[in-house]
Amino acid sequence: MNRFFDFMMRLFYIKSQFLECNNIININFNLINKKFGKYGKFGNQLFRKNRIIYNSNIGLNGGLNGGLNGLNGGLNGLNGLNGLNGFRFITSSTKNNNNPNFYMHHKKYSAKNKSLLMYTTAVLIFGVGFTYASVPLYRMFCQSTGFSGTPMTDNSKFSPDRLVPARNSRRIRVTFNADISRALQWSFVPQQLDVRVLPGETALAFYTAKNNSNQDIIGMATYNVTPSKVAPYFNKIQCFCFEEQKLEAGEEIDMPVFFFIDPEFFDDPLMKDVDTITLSYTFFKARYDNNGVLVPTPT
Amino acid sequence: MSFGRPPSVKTFTTSPPERGSFPLDHEGECKQLVKEYLQCLKQNSGNNGNCRYLSKAYLKCRMERGLMDHDEMKNLGFQDKG
């Protein structure tokens, strides 16, 4: 405790030296004198304790100011506590008391500690801000890369300037395949053998589905594109996949697919050997269960 | 689908169509145009370039009957010239 008060007094002393305001020491000495009595007689006297010289030569002028300055002095001291270097003048060693370097050390370490505080605060704020920002950032990342199955709804592929046929290239042959799950009593066939398209040229293709049973059946289709490497270039504008298609008993319906091959297909050297693309649709049976949820029927 | 497959294996990932699904033409209102288009394809051995005017007509038919959202033809890839 003595050391603590040594330290506090030293700070106030230093502070008062800086501000040329020695009022503070008055107040503190009064208090401490009463409590501890270690600091000798107070007054306009120089006195010593533990080889620390406390200079007090002011009366009680500006007592309130002095109290506030004391607060400042205390806060300055707290700054010093932050860094390890600050401990240098917490010890009761009094060697550096009259040393002019003492002041410089204090200033240097106080500056370092201030910068350390700034950096720490900045890191904290950055961390908190990052956790808040991570939610929309992750969402953006998922949408642009389709990570973990996020549907890519990027419409820039379908801008009108990309839908221009590339005149100078060969025609790619697109063949069609149709499959049905065994549980589905439909017949599902493509209506054309193949379509030869230029990249960038939008094309229409038809499938016909007929419900051969005597009940209304809901079907859902998925598709597949072969060879797999072409898949990024095969863009469907509109089709009949992934949504329920209800056919009444005995009904026959044409199902169109409107698609195009991305013009950048020809810039890709990996696509050089691709002349035929196969688009394959498979229909599955689905029904609404008791909760109104569409569930597939396994084969 | 499967984890740990070699990177050379190119997998296929489905993507949704831009405009979703075509509403079903239950009444067969545009069926005639379908027939014409398929006929044209057969005659041209699948060459899409010659039959595009028919697909344009089919899509227009769908739009008029409310079986497709209205949109400009150039957004669907049909430029005014060819």
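Entry 1, chain A. I looked up burial to begin with and found that buried residues (under 20% relative accessible area with a 1.4 Å probe, protein chains only; exposed is over 50% and partly exposed lies in between) make up 40% of the 299 residues in chain A. I noted that this is a predicted model, in which local features need pLDDT of at least 70 and side-chain atom pairs count only at pLDDT 80 or more, while totals for chains, interfaces and linings use all residues. Residues are numbered from 1 along each chain as its sequence is written, chains are lettered from A and ligands numbered from 1 in the order in which they are written, and side-chain values use heavy atoms, with hydrogens and water left out.

I then listed four helices and twelve strands in chain A, taking helices (H or I, at least four residues) and strands (E, at least two) as DSSP runs numbered from the N terminus. Of the contacts (heavy atoms within 4.5 Å) in chain A with a separation of 6 or more, 70% join residues 24 or more positions apart.

I found 43 residues of chain A in contact with 40 residues of chain B. The buried area, meaning the accessible area (1.4 Å probe) that two parts lose on being put together, summed over both, is about 3700 Å², of which carbon and sulfur atoms give 56%. I looked for salt bridges (a side-chain nitrogen of Lys or Arg within 4 Å of a carboxyl oxygen of Asp or Glu) and the rule gave one across this interface, between the side chains of B:Lys31 and A:Asp254 at 3.2 Å, N to O. On the side of chain A that touches chain B, the largest share, five residues, comes from E10(A).

I recorded a cis peptide bond from A:Thr226 to A:Pro227, with omega near 0°, and placed A:Pro227 in the loop between E7 and E8 of chain A. A:Phe242, in the loop between E8 and E9 of chain A, has a positive phi of about 65° although it is not a glycine, and this residue is partly exposed at 29% relative accessible area.
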